[in-house]
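Please look through the sequence and the structure shown below before reading on.

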Amino acid sequence: MQIPSKYDASQVESKWYDYWMKHNYFHSTPDERDPYTIVIPPPNVTGVLHMGHMLNNTIQDVLIRRARLLGKNACWVPGTDHASIATEAKVVAKLKEQGIDKNDLSREEFLAHAWEWTEEYGGVILEQLKKLGCSCDWDRTKFTMDDDMSEAVIKVFVDLYEKGLIYRGYRMVNWDPEAKTTLSDEEVIHEERQGNLYYLNYKIEGSNDTLTIATTRPETIFGDTAICINPSDERFTQLRGKKAIVPICNRVIPIIEDDYVDVEFGTGCLKVTPAHDENDKNLGDKHNLEVIDIFNDDASLNSFGLHYEGKDRFVVRKEIVKELEEKGILVKTETHINKVGTSERTKAVIEPRLSDQWFLKMEELVKPAIKSVLGEDPEIKLFPKKFENTYRHWMENIRDWNISRQLMWGQQIPAYFYGDGKEDFVVAENIENALEKAKQQTNNKQLTTNDLRQDNDALDTWFSSWLWPMSVFDGIRNPENEDIKYYYPTNDLVTGPDILFFWVARMIIAGYEYKDEKPFENVYLTGLVRDKQRRKMSKSLGNSPDALKLIEEYSADGVRVGLLLSSAAGNDLMFDEALCQQGKGFGNKIWNAFRLIQGWEIDETIPQPETAKVGLEWYEAKFQKILVEIEDHFSKYRLSDALMAIYKLIMDDFSSWLLEIIKPAYQKPIDAKTYKSVIEAFENNLKVLHPFMPFLSEEIWQYIAERTPEDALIVAKWPKAKTINETLISEFEFASEVISGIRNIRKQKNIAFKDVIGFSVINNEKLDITFDGVIAKLGNLESIKDTTEAIEGALTFRVKSNEYFIPMVGAIDVEAEIIKLTEELNYTKGFLKSVQKKLSNERFVAGAPEQVVASEKKKEADALAKIETLKASLASLG
């Protein structure tokens, strides 16, 4: 077959992806093999491929392709998450463009628009993953809003409610005024922001006296229902039992006492707004205070805000400060740093708000999940281990999970109200079951489904994705089905540390609750992708490259290599496009190496040269040594280290050394035995390379020989481990230094490579002659002669204690050579002096780390050896 001179990724990638799909290599069904299972962290259905997805899915694909080569039944389940808040926001924005207000639609009408939107834009990201080479089992693609997935979520809600673990409570929650829904504590990001502390005077009822409070939120004074002082604060004894008047709205409120008040903060007088601060709510409950909610659901002020009604809270803050100042109520303003909660999704400032919500009790549920990761004999391992501390902190400080969201897109909470009271409801999987329960509960046999009203709230998205490793195999609805029994628990989970609690911990909790076992064995937590300036990549900063354009420019293989070369396990990845260029260059190097081999003419009649035989034996030993190294890296999830080991093996050992050793002379054929062996070595390289560069490796594999679909590289066998000949490896290391020495002298002295040169050695190292033929070939030497004495007038160099001599060829400028060698000798003597000065310093030798001292001693020995060689060279010229 004619091999193209250039590798064209744009043709190759689509060709082989279609071939793999056509032959169903990605699909898995239970059989007698060991399963190897990964479930994808489902990207948002609204999502498009970004650098984080590229890294995460490249790692998963590397693991799944390697498992296939190891003979396992590899199953990678893809899918998407319905992403309640993000998707609903996009649908609302689209409706707005069409002049439609979400609030004017019924739930059914809104959901019709949401499904239409999802069908049009959803799943784009999965198609993009195919361009990256992801070998997911596309037949198993799941969506968290699929009927069977939703049924599993509802089943779990009902079960947990019946176990007494889900309850409804009127609580202070995190309100996102942009998405108009509650958020769990974990979805709130606390940021330090500079604001102001406003000092305001409140009049004391029945006198001209005032008290001063300090607040960061003057707009909330309309919700004040008390002033609180610390009973031990002697500054305010005169205020006990009195009442204060709230500025502007002139409401009379009690002055209460509680040791909760910090006498050091502000003025020592605290305004209490139970509807808008969790600590104030606790005070309010304790002292039976009135609760006045002053906000609408979009954080504009309601009628309690008087003339500010309908205005946004931040607009009101500016305006009310002006009014308070004009009325002489604002005493002073100070700058103040405080922590502000913002929504992870919409970035809106969170408003603490009281409302009826659904909660899941976590205290008992969390125990098996703590033990499985942090116990003496952990069942689940986190890589890198450092994340165990983060996991421990979250799990040991867990609060009840607020699982309800004021959204339409998502699984609707299966609670059905039959009356107006807060407790007049039943929980059931469907309205028919609910009716039966309601009849029993009310003892009213006349009830019909028309008397039932389903709770409007939807469940938190994470409440569906925490079941993902089970629900993708239908393990909740049909716990004994063949798939769940075969594929669960899964093997590896690859995800970002930012969702260690949101998703990973919750899947572990659900796994122990519903299968009584772990959902996966290992969790590999990738770093975040950052730019060269260490900034997190984001759309808003404009520093995130277009993933598909990178693939177009550098090839999917090139981008995969680029991402992994810059990604040490668990550390943030400093992404640099130059690494993708390096990845592409690596691919071209492999392609050119293959073209070189294929260009050789084969002669069945000529014997194998000894140099080729020994070179191939050495490469086999080196390959086996690197194979062990690769296995070790994989076991520790150091994928970038595994790739780097393969990169060096192919670039240096194979291309730069082995091909040079076996290469036939110009326009001469190669013997058949060597050719067959080098192709075998090349095929082994392709096998270890395939998980990282699937397209290029498959293309070359298929060019090497005619292959049936059963012989494709994607389903080949990973190389077998054999005994490693360490002697050959160390002997070759020495020989390669000798060859480098010869090449350096040729370069320095402008001795053309085509000129054969003489060569002698004082063999103090007592080296074997195994690689003498290789040294002679790669150095273009007449022969290698042993000598016991230095050779007059020869150029010399040393490797360890061996000294090598090359007789001078042709005329050289002796004067210039003496000047050059003298300069080098003087420099080396100066360098030796500085090293010896350091080593004679007792404080340095006693205080420096052992390896630093050893390194300095080696420098000393090397300098002494070099000085001897330079002196000998000068003597020979003299």
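## Helix H24 and its surroundings

Helix H24 is followed by asparagine 780, a residue whose phi is positive, near 50°. The model in which this is seen is a predicted one. Within helix H24, which spans residues 772-779, the buried residues are Val774, Ile775, Ala776, Leu778 and Gly779. The cover over these buried residues of H24 includes helix H19 (610-635), helix H20 and helix H23 (726-748).

## A mixed sheet of four strands

Four strands form an open sheet in the order E29-E28-E31-E30, and the pairing in this sheet is mixed. Its edge strands are E29 (785-786) and E30 (794-799), each of which pairs on one side only. Strand E30 is joined to strand E31 (residues 802-807) by 6 bridges, and these two strands run antiparallel. Within this pair, alanine 794 stands opposite proline 807 in E31.

Helix H23, which was named above as part of the cover of H24, also lies across E30 and E31, where it runs at about 150° to E30.

## A parallel sheet of three strands

Another open sheet is formed by 3 strands in the order E15-E23-E22, and here the pairing is parallel. The edge strands, each pairing on one side only, are E15 (381-383) and E22 (490-495). Neighbouring strands of this sheet are turned by 20° against each other on average, with direction ignored. Strand E22 pairs with strand E23 (residues 520-525) in the parallel sense over 5 bridges, and aspartate 492 stands opposite asparagine 522 in E23.

## Strand E5 and its two partners

Strand E5 (residues 166-176) is mostly covered, since 8 of its 11 residues are buried. As a general point to keep in mind while viewing strands, the side chains of a regular strand alternate between the two faces of the sheet. Strand E5 pairs in the antiparallel sense with strand E14 (residues 351-360) over 10 bridges, and in E14 the bridge partner of tyrosine 167 is phenylalanine 359.

Strand E5 is also joined by 3 bridges to strand E6 (residues 181-183), again with the two running antiparallel. In E6, threonine 181 is the bridge partner of aspartate 176. Strands E5 and E6 form a hairpin with 4 residues between them, and lysine 180 in the turn has a positive phi of about 55°.

## Helix H9 and the helices that it meets

The axes of helix H9 (residues 367-374) and helix H10 (residues 387-396) come within 11 Å and cross at roughly 165°. Because of this angle, H9 is roughly antiparallel to H10. The contact is made by Ala369, Ile370, Val373 and Leu374 of H9, together with Glu388, Tyr391, Arg392, Met395 and Glu396 of H10. In this arrangement H9 passes H10 in a left-handed crossing.

How do the axes of H9 and helix H15 (residues 500-514) cross, and within what distance do they come? These axes come within 8 Å and cross at roughly 110°, and H9 and H15 are therefore roughly perpendicular to each other. The crossing of H9 and H15 is right-handed. At this meeting, Pro368, Ala369, Ser372 and Val373 in H9 meet Ile508, Ile509 and Tyr512 in H15.

## The nonpolar cores

The largest nonpolar core has 194 residues, and those with the most contacts inside it are Leu360, Tyr391, Phe463, Trp466 and Phe682. Helix H20 (residues 639-662) gives the most to this core, with 15 residues. Leaving aside its neighbours within four places in sequence, tyrosine 391 is in contact with Ala369, Ile370, Val373, Leu374, Leu382, Leu500, Ala505 and Ile508. A second, separate core of 30 residues includes Tyr202, Ile292, Phe295 and Leu301.

## Serine 300 in its loop

Is serine 300 buried or exposed? The residue is found in the loop between helix H7 (278-286) and helix H8 (313-326). Serine 300 has a relative accessibility of 7%, and because buried means under 20%, it counts as buried.

Once neighbours within four places in sequence are left aside, serine 300 is in contact with Ile294, Phe295, Gly310, Lys311, Asp312 and Arg313. Of these, Phe295 is also included in the second core. Serine 300 and phenylalanine 314 are 14 residues apart in sequence, and their C-alpha atoms are 8.7 Å apart in space.

Key:
Residues are numbered from 1 along each chain as its sequence is written. This is a predicted model: local features need pLDDT of at least 70, side-chain atom pairs count only at pLDDT 80 or more; totals for chains, interfaces and linings use all residues. Side-chain values use heavy atoms; hydrogens and water are left out. Two strands pair if DSSP finds at least two bridges between them. Axes are lines fitted to C-alpha atoms, for helices over the stretch in contact, and angles run from 0 to 180 degrees between N-to-C directions. A nonpolar core is a set of buried Ala, Val, Leu, Ile, Met, Phe, Trp, Tyr and Cys residues joined through side-chain atoms within 4.5 Å. Buried means under 20% relative accessible area, exposed over 50%, partly exposed in between (1.4 Å probe, protein chains only). Contact means heavy atoms within 4.5 Å. Angles under 35 degrees count as roughly parallel, over 145 as roughly antiparallel, 65 to 115 as roughly perpendicular and the rest as oblique. A crossing is left-handed if the near helix is turned anticlockwise from the far one by less than a right angle, and right-handed if clockwise.
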